[in-house]
Amino acid sequence: MFTLEAVVFCRLIRQIGNSMFKIDSVYNRRRDIHDMYGGNWQSGICNSRSHPFIFIFSGGKGYTHGYSDLWVSEDIYAYTGEGQVGDMEFTRGNLALLKHLEAGKRIFFFEAVGKGLVQYKSELELHDFDYQQGKDREG
């Protein structure tokens with residue numbers, strides 16, 4: 001069944017050493033990120049309630065659940081929003097991404113590299129959003 005996927009286009013922010021994460025360094029997702037900053041460790045979009053941060057995670061087995069994240073240019077990353085079944089909506093994590101600038105939150109982007117391990121790729125900010133047709137977890 002085809003559904004509507006929410007896609008958030010994020011622009012790469014060139015870093016000047018103002019991040020608590022080092023580009024291409026590998027972190028233990030639970031210990032180094034969620035234990036320190038909060039957020040749901042099972043979700044791809046983790047909105048910290050105690051810090052002005054949103055963590056997004058890509059890779060791993062996301063494609064089996066209908067996610068198809070990719071760099072569409074050297075500075076723009078297309079991130080598939082939350083929701084594994086049916087049409088995606090801008091609620092919860094998707095809404096946090098959409099409203100992160102007005103909420104004063106920073107987006108930190110990681111890719112899965114092993115069981116419980118993620119590699120920090122960059123800090124991002126919202127550029128645009130759209131919907132595209134795709135398949136959900138149920139096909």
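**Entry 1**

I looked up S58 and found it opposite E111 in β7. I note that the model is predicted: local features need pLDDT of at least 70, side-chain atom pairs count only at pLDDT 80 or more, and totals for chains, interfaces and linings use all residues. Residues are numbered from 1 along each chain as its sequence is written, and side-chain values use heavy atoms, with hydrogens and water left out.

I then checked how β4 joins β7 (residues 106-114): the two run parallel, with 6 bridges. Strands pair here if DSSP finds at least two bridges between them. Helices (H or I, at least four residues) and strands (E, at least two) are DSSP runs, numbered from the N terminus.

On β3 (residues 45-47), I found antiparallel pairing with β4 over 3 bridges. C46 stands opposite F55 in β4. The two strands form a hairpin, with 5 residues between them.

How many residues of β4 (residues 53-58) are buried? I get 6 of the 6, so β4 is largely enclosed by the rest of the structure. Buried means under 20% relative accessible area, exposed over 50%, partly exposed in between (1.4 Å probe, protein chains only). In a regular strand the side chains alternate between the two faces of the sheet. In β4, F53, F55 and F57 point one way, while I54, I56 and S58 point the other way.

**Entry 2: helix α1**

I listed the buried residues of α1 (residues 29-37): R29, D32, I33, H34 and Y37. Seen down the helix axis, they fall within an arc of 150 degrees, so they line one face of α1. The arc is taken from the directions from the helix axis to the C-beta atoms. Turned away from that buried side, I found the exposed residues R31, D35 and M36.

Next I looked at the ends. N28 caps the N-terminal end, with a side-chain oxygen 3.1 Å from the backbone nitrogen of R30. After α1 comes G38, with a positive phi near 85 degrees.

I also looked up Q42, in the loop between α1 and β3. Q42 is exposed, at 62% relative accessible area. Its C-alpha atom is separated by 9.9 Å from that of R29, 13 residues apart along the chain.

**Entry 3: salt bridges**

I counted 3 salt bridges, each a side-chain nitrogen of Lys or Arg within 4 Å of a carboxyl oxygen of Asp or Glu.

D24 and K121 meet at 2.9 Å, N to O. This pair links distant parts of the chain, 97 residues apart: D24 is in the loop between β1 (2-13) and β2 (26-28), K121 in strand β8. D24 is partly exposed at 44%, and K121 is partly exposed at 24%.

E123 and R106 also meet at 2.9 Å, N to O. Here the link runs from β8 to β7, across 17 residues of chain. Is E123 buried or exposed? I find E123 buried, with a relative accessible area of 7%, whereas R106 is partly exposed at 25%.

I noted D32 and R31 too, with a salt bridge of 3.1 Å, N to O.

**Entry 4: surface patch**

Which residues make the nonpolar surface patch of about 230 Å²? I find V26, V113 and L117. Patch residues have over 30% relative accessible area and no salt bridge; like charges are joined within 9 Å, nonpolar side chains (Val, Leu, Ile, Met, Phe, Trp, Tyr) within 5 Å. Areas come from the Shrake-Rupley method with a 1.4 Å probe; for residues, only the protein chains shown count as cover. V113 sits in β7 and is partly exposed, at 46% relative accessibility.

Key
A polar contact is a pair of N or O atoms within 3.5 Å; within protein, one must be able to donate a hydrogen and the other to accept it, and residues adjacent in sequence count only if both atoms are side-chain atoms.
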